[in-house]
Amino acid sequence: MNPVVIVPTFVSSKRRREGGVLTTYDHATPIESPGELPRLLASLQKVRGIGAIIVLVVSDRSIEAQAVDKVQAVVSRYPALSTLVVGAPEMDLLYQRMEQLGLDRLHKEVGLSSYGAIRNVGLVLANVFGFDSVVFLDDDEVVDDAAFLQKAMYGLGKLTKKGIPILAKTGFYFNSEGSFLSKSQDKWYNHFWQQGKAFNRWITKAMRGPRLSRSNHVCGGCLALHKEAYKRLSFDPWIARGEDLDYMLDLRMYGSDIWFDNAWNLRHLPPDSTSEGTRFRQDIFRWLYEYRKMEFSQTQIDLLQVKPSSLEPYPGPFLEPGIRRRIRVTAFLRSLARPDKRAYRKAARAATGEATTYAERNCSKYFEFQFIWPELMSRLENDQILCDALLQSSSQRAADLYPEVVPSAAGAPTLGLGTRQAIDPGVTSEIRLNIQE
């Protein structure tokens with residue numbers, strides 16, 4: 001198989017302000033800081049068979065040019081990697097090409113804002129360059145296993161013994177303590193919000209099982225998708241966070257699934273995050289939207305029904321009636337006990353106001369977009385005109401930053417088009433012996 005690695009990286013201005021519910025990210029590197037991306041790229045140099053890497057630059061509009069130049073400079077320090085940097089200039093080229101092909105620009109659905117829209121950019125680019133699989137990484141991770149990419153491809157595109165295709169799979173993270181368990185605290189103020197505890201119950205069982213099993217959880221920074229999945233199904237650009245888990249629910253509604261690989265892992269070493277109250281506010285928007293979206297899906301005759309009871313112990317409890325009350329109580333309790341009291345009080349108000357309204361207004365939009373997505377992917381598949389324009393844009397930027405260096409010798413990306421090395425996805429017979437259906 002010919003996978004491309006997609007890495008979103010987030011850059012913020014010096015005077016960082018909280019964005020909207022869709023444009024507030026867990027961590028954004030200040031423009032003057034090196035951030036975590038160099039550490040990830042250094043680790044990828046040791047991965048066998050590593051081929052094309054696409055880095056998506058997400059930033060405040062006011063610093064788009066500086067952000068993409070900064071990331072281009074970082075990438076140029078790793079000339080052994082074939083890396084394409086995609087920022088605002090490349091997005092303009094994508095939108096122009098979409099318009100030429102008679103497609104709507106779809107800025108909301110495919111763009112460098114909101115977690116879901118950003119991932120959709122990665123899928124579109126993988127399709128444009130003709131890769132048959134995508135591996136998503138986050139910029140605050142470290143890959144220690146030289147066989148990481150081979151493990152990512154293990155089973156992908158194969159059939160189970162019941163003839164079920166494996167089109168999407170996820171691995172897991174080790175945290176800074178070397179554990180795959182959530183460090184979420186089991187405190188009295190979390191009594192009605194045991195997200196970490198529920199996740200730990202699920203993954204403990206999954207780690208004891210066969211190598212591949214159906215997954216109730218998705219690590220978005222350790223996620224592999226076959227083209228037969230991503231050409232058919234996009235991420236949801238209207239969800240505030242948790243777009244990776246949401247993708248699993250979408251796959252189930254459209255008749256597919258995500259598989260968990262308990263031998264595929266990396267280290268997740270995030271910096272200190274933004275206000276925990278602000279993050280919980282996004283979680284409120286996320287879960288109320290997800291609950292309403294699941295309700296709406298049950299009115300659609302062309303979708304399979306996904307019941308919370310099939311998602312125990314996680315995330316089922318967060319998709320059941322009563323989630324609004326649990327949110328309000330948890331926000332109130334945390335506002336009494338946690339340092340970020342003001343943000344939690346703001347989050348509690350959101351549960352009964354704007355988050356509910358947001359869910360009602362937007363719950364149907366993803367399903368409407370899904371009628372457009374396959375046509376969008378079909379028209380842009382292997383688009384040589386756009387390929388050439390994107391590569392030229394990146395090469396010119398590298399040349400402008402380093403005029404004394406010939407672009408072809410400065411790490412100017414070619415993405416190995418026509419020379420990509422196939423990755424062995426694993427032996428079919430072995431997979432058939434090591435799957436829990």
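This is a predicted model: local features need pLDDT of at least 70, side-chain atom pairs count only at pLDDT 80 or more; totals for chains, interfaces and linings use all residues.
The crossing of α1 and α2 is right-handed. Which residues make the contact between these two helices? From α1, they are Leu37, Pro38 and Leu41, and these meet Val71, Val74 and Val75 of α2. By class, the residues in this contact of α1 with α2 are six nonpolar, no polar and no charged.

I turn next to the charged pairs. Side chains of opposite charge can pair when their charged atoms come close. The structure holds 19 salt bridges, and I have selected one of them for discussion, the pair formed by the side chains of Asp383 and Arg97, with an N to O distance of 3.0 Å. Where in the chain do Asp383 and Arg97 lie? Asp383 belongs to the loop between α14 (373-380) and α15 (384-401), while Arg97 lies in helix α3, residues 88-100. The two residues are 286 residues apart, and their pairing links distant parts of the chain.

On the surface, there is a nonpolar patch to point out. Trp188, Phe332 and Leu336 form this patch, and together they have about 370 Å² of accessible area. Of these residues, Leu336 is found in helix α10, which covers residues 323-337.

The remaining items concern the backbone. Which residues are joined by a cis peptide bond with omega of about 0 degrees? They are Glu312 and Pro313, and Pro313 sits in the loop between α9 (276-297) and α10. The peptide bond from Tyr314 to Pro315 is also cis, with omega near 5 degrees. Pro315, too, is in the loop between α9 and α10.

Although Ser114 is not a glycine, its phi is positive, at about 75 degrees. Ser114 is located in the loop between α3 and α4, the latter helix being residues 115-128.

Note on methods: Residues are numbered from 1 along each chain as its sequence is written. Side-chain values use heavy atoms; hydrogens and water are left out. A crossing is left-handed if the near helix is turned anticlockwise from the far one by less than a right angle, and right-handed if clockwise. Helices (H or I, at least four residues) and strands (E, at least two) are DSSP runs, numbered from the N terminus. Contact means heavy atoms within 4.5 Å. Ala, Val, Leu, Ile, Met, Phe, Trp, Tyr, Cys and Pro count as nonpolar, Asp, Glu, Lys and Arg as charged, and the others, Gly among them, as polar. Patches are made of residues with over 30% relative accessible area and no salt bridge: like charges are joined within 9 Å, nonpolar side chains (Val, Leu, Ile, Met, Phe, Trp, Tyr) within 5 Å. Accessible areas come from the Shrake-Rupley method with a 1.4 Å probe; for residues, only the protein chains shown count as cover. A salt bridge is a side-chain nitrogen of Lys or Arg within 4 Å of a carboxyl oxygen of Asp or Glu.
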